[in-house]
Amino acid sequence: MKLNIYILAGIIILLSACSQKDKYDPSKTLSNKEQQQVLLSTVRYFGHLPKKGTHDNKFDSNFDEYYSKLVSDFTMEAYYQKDGLEYFLISRIAPSIKVKKVATGIKMKRDKDGAVTHYEEVFRTWKFETAEMLEKSLMLFDKMVQDEDLSPYFPQNSGIEEYIEFPDEKVFFDNIERRWKVKSQSENFEAELI
């Protein structure tokens, strides 16, 4: 009897993840070319810096080729527009013995010319095997789009179940500099998160 309950619960969770994936399927709103354009316009924020690259020079044209190649490491898992904002969920393979992925939920606004005027990484997940990453990150993405509180899923609040790696008690996303930072013991000092 207990086995049947676990199987039923698993099916319900799987169907829920599938319905959210359909609801936010990027291909329903954006062509493949448009999805790539969104990623290309923001990869310099969410992507790793190139060799000799810094946050001050990462927009230099000599890094265009690096970022054009880097964007192929990322997949747009979800996309939604609401109230002049664009919400999207990206994933990439993370270093691990098994194939695991990490996902990032992003909220941005662009002007009429397509320039990014607001960019915020709302959450970044722990690395999970693909099915678990999709299930958890799509649930978090839905909550992000609905402007719900994500703090119950922060590491300090989620108990033994892992969801969000960042933000946490020490790491936050700086909306001005558009990057993750680590807050030290001294409230006046912030160090960049690598």
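The model is predicted: local features need pLDDT of at least 70, side-chain atom pairs count only at pLDDT 80 or more, and totals for chains, interfaces and linings use all residues. Residues are numbered from 1 along each chain as its sequence is written, and side-chain values use heavy atoms, with hydrogens and water left out.

**Overall make-up**

- The protein has 4 helices and 8 strands, taken as DSSP runs numbered from the N terminus (helices H or I, at least four residues; strands E, at least two).
- Read from the N terminus, the order of elements is α-α-α-β-β-β-β-α-β-β-β-β.
- Of the 194 residues, 40% are buried (buried means under 20% relative accessible area, exposed over 50%, partly exposed in between; 1.4 Å probe, protein chains only).
- Counting contacts between residues at least 6 apart in sequence, 47% join residues at least 24 apart (contact means heavy atoms within 4.5 Å).

**Strand β3 and its partners**

- Strand β3 spans residues 100–110 and is mostly covered, with 8 of its 11 residues buried.
- Strand β2 (residues 85–94) pairs with β3 in the antiparallel sense over 9 bridges (two strands pair if DSSP finds at least two bridges between them).
- In this pairing K100 of β3 has A94 opposite, and 5 residues lie between β2 and β3 in the hairpin that they form.
- Strand β4 (residues 116–125) is also an antiparallel partner of β3, over 7 bridges, and Y119 in β4 stands opposite M108.
- The hairpin of β3 and β4 has 5 residues between the strands, and G114 in its turn has a positive phi of about 95 degrees.

**V102**

- V102 is in strand β3 and counts as buried because its relative accessible area is 7%.
- Leaving out residues up to four places away in sequence, V102 touches I90, S91, R92, A94, R124, T125, W126 and K127.
- F74 is 28 residues from V102 in sequence, with a C-alpha to C-alpha distance of 10.0 Å.

**R179**

- R179 lies in strand β7, residues 179–183.
- R179 counts as buried because its relative accessibility is 17%.
- The side chains of R179 and E177 are joined by a polar contact of 2.4 Å (a pair of N or O atoms within 3.5 Å; within protein, one must be able to donate a hydrogen and the other to accept it, and residues adjacent in sequence count only if both atoms are side-chain atoms).
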